[in-house]
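Biologist: Please take a close look at the aromatic rings. Which residues do they meet, and where do those partners sit?

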Amino acid sequence: MYANHQDQQILPSDFFLPFGGRLSEDNRWVQLSYLIPWRRVEQEYSKHFSKDLRGGRAMSVRMALGALIIQEREGFSDRHLVQHITENPYLQYFLGLEAYQEEPPFDPSLLTYFRKRLGPDAINQVNEWIVQAARQEEENRDDDGPKDNPPTSSGEDANARPQDEPQEPRAHQGKLILDATCAPADIAYPTDLSLLNTAREKLENIIDTLHAPHIGDMKKPRDRRRQARRDYLRTTKNRKPSRSEIRKAIGRQLRYVARDLRFIEQLVQRTPLTALSRKQYRDLLVIGELHHQQREMYRSRSHRVDDRIVSIAQPDVRPIVRGKAKANVEFGAKVAISVVDGYAMIEKTSWDSFNEGTTLVESVERYVERFGCYPEAILADKIYRTRENLRYCKEHGIRLSGPKLGRPPKQTDLAQKKQEHLDMGERNAVEGKFGEAKRNYGLGLIRARLRQTSETVIALQLLVMNLEKKLRLLFWLLFSELLGADFGLIGVDG
């Protein structure tokens, strides 16, 4: 059951502290709580729950989303996150509590459900609301119009446009930067030999489970697990095994896995698959496909196959060829993002490799939906400069960065060369966003195990990065006002 929680944010001075004192208005968590539209998120979040009065009361969206934001911002584990929330009154205020409490507000195990309940779509929607509000505030400052509205008690932005109000595209405004990267998953570097050895060990455990009801009545299949283990270690302990030795070892493990699969087919005739746990049944399905792929590659002497499985625990992970100096191949989800005025938004997330150039048209259409106008220019690398994208940009009056297609002209156009150089410098902002997200917010190693929760974590990291940028801008504006006031006082006194 989900009941409507309070949507009015209390002031820091009203937050009750049993040991005396009061919260500071200038604290980063207090200021950060003003930047998130809690009421709008609450309205969207409540749609996914039943109004049935039976069952326990669900946590508020502020508690769920706030906890995930704190976790990604500080890099806490689930258990350490709950400990820090219990010890810090500012974190409790950020989560929407009205008074400090010494008991944990929730169990660490609920964080997995928070990531599943919210999902990447909800997180991306919140991210877009924040970026739209930041862009509107920037336009107000540039136009010398009405000053920024102070944050309301519910964290709402008064400049936000109604979602249902149709907006005609205005004149071209702003620049859209596009690029893609890989968010590596937290898996061991996959090799064919190690994958087959792991599959064999899991199949041996499944054989033990299926044979357990028939101990004493039926002889256990002879799977030769000790010999298979010795064959695996003989190759892996060799510092520099030759290609022929590796191929022979892979062939042996393939035969061991095939034998175990045949034994399981025989045992299933006596013991149903319902005797297996959910994880064992899932592993059995994944290993069956893994054996098929490895057998095809072994027979064809190749290392490529469609939808190649590189992790039994995370079968959705795929190899993404990036051609980088550090790692030519990365294993994880491929993420295409757009950067507008320094704020990053997800355009596409896929576990299969895709050509990011195909996302340009969709990204421009989303830009129109978000901001009500077409961009003046699109800054992207050469992979986006396809004939279809160039034709689309020409029809809509958008300049696409980069040189013209075809053979370069004999005479260099200095103006065009200068423009390309300027575009390249501005486009580097997206590389900086990738570096910031991977170094500071965990995009360089996704530790979530499930596909949905991994996508939620990726979306959260960009959301936190945008909130940090907006928070830095807010503090800089406050510092500039104070600095200007100080110089004014000095001039008067002089």
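**Aromatic rings and their partners**

Modeller: Trp38 and Phe94 are both buried (under 20% relative accessible area with a 1.4 Å probe, protein chains only; exposed is over 50%, partly exposed lies in between). This is a predicted model, so local features need pLDDT of at least 70, side-chain atom pairs need 80 or more, and totals for chains, interfaces and linings use all residues. Numbering starts from 1 along each chain as its sequence is written, and side-chain values use heavy atoms, without hydrogens or water.

Searching the whole structure gives six aromatic pairs (rings of Phe, Tyr or the six-membered ring of Trp, centres within 6.5 Å; planes under 30 degrees apart are stacked, over 60 edge-to-face, the rest tilted). One is Trp38 with Phe94: the ring centres are 5.7 Å apart and the planes stand at 75 degrees, so this pair is edge-to-face. It joins distant parts of the chain. Trp38 belongs to helix 2, residues 38-46, and Phe94 to helix 5, residues 89-94 (helices are DSSP runs of H or I, at least four residues, numbered from the N terminus). The two residues are 56 apart in the chain. Trp29 comes in as well: with Trp38 and Phe94 it makes up one aromatic cluster.

Next, Tyr367 and Phe371. Their ring centres lie 4.9 Å apart with planes at 65 degrees, so they too meet edge-to-face. Both belong to helix 11, residues 360-371, and a spacing of four residues there puts about one helical turn between them. Tyr367 and Phe371 are both buried.

Two other rings have a charge over them (Lys NZ or Arg CZ within 6 Å of the ring centre and within 35 degrees of the ring normal). Over the face of Tyr298 lies Arg247, at 4.0 Å from the ring centre. Over the ring of Tyr343 sits the charged end of Lys469, 5.3 Å from the centre.

Asn466 sits in helix 14, residues 451-493. Its relative accessibility is 0%, so Asn466 counts as buried.
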